[in-house]
Amino acid sequence: MPTCQNCNKEWNWKQTIKKTTTLDPAMTCPSCGEKQYQTQKSKKRISFLTVIILVPLLIQIFFDIPVIILFSLLPVFAAIVFLLYPFFVELSSKERYIGEQ
Ligand SMILES: [Zn+2]
């Protein structure tokens with residue numbers, strides 16, 4: 001779970017989902033009210049995580065799975081990613097680290 005870099009308090013799952021699903025990159029800490037930003041590293045990790053959604057499509061290449069099963073698997077994998085991603089969120093007090101891309 002992400003930890004606020006200002007007050008060192010850990011955000012819970014629900015708070016993380018709420019904060020990260022807004023379009024605003026600045027997320028206000030529920031404990032201290034300071035603005036927190038997701039690190040580039042954590043954004044990268046999450047984009048790797050979303051690849052999991054495509055796993056059923058890969059399985060389809062190797063095994064002849066009926067399309068109906070494949071499509072019922074997709075929301076399952078999407079749910080797994082949704083459940084897991086708050087564990088991969090990392091916070092920073094700065095919008096960008098120096099030297100980070
Ligand atoms: Zn805080």
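Mentor: Of the contacts in the protein with a separation of 6 or more, 66% are between residues 24 or more positions apart, where two residues are in contact if their C-beta atoms, placed from the backbone, lie within 7 Å. Bear in mind that this is a predicted model, in which local features need pLDDT of at least 70 and side-chain atom pairs count only at pLDDT 80 or more, while totals for chains, interfaces and linings use all residues. Residues are numbered from 1 along each chain as its sequence is written.

Trainee: What is the pattern along the sequence?

Mentor: The protein reads α-β-β-α-α-α-β, which comes to four helices and three strands; helices (H or I, at least four residues) and strands (E, at least two) are DSSP runs, numbered from the N terminus.

Trainee: And what is the radius of gyration of the protein?

Mentor: The protein has 17 Å, whereas a compact globule of 101 residues would have a value near 13 Å; the radius is taken over C-alpha atoms, and the globule rule is 2.2 Å times the number of residues to the power 0.38. The C-alpha trace spans about 50 × 30 × 20 Å along its principal axes.

Trainee: Switching to strands, how many bridges join β1 to β2?

Mentor: Two bridges join β1 (residues 27-28) to β2, and the two strands run antiparallel; strands pair if DSSP finds at least two bridges between them. M27 stands opposite Q36 in β2, and the hairpin that β1 and β2 form has six residues between them, with G33 in the turn at a positive phi of about 80°. On the β3 side, two bridges join β2 to β3, again antiparallel, with Q38 opposite L91.

Trainee: Where is E90, and why does it count as partly exposed?

Mentor: E90 is in the loop between α4 (67-84) and β3 (91-92), and it counts as partly exposed because it has 18 C-beta neighbours inside 10 Å. Leaving aside neighbours within four places in sequence, E90 is in contact with P2, Q38, T39, K41 and S42.

Definitions and conventions
Buried ≥ 20, exposed ≤ 12 C-beta atoms within 10 Å, placed from the backbone.
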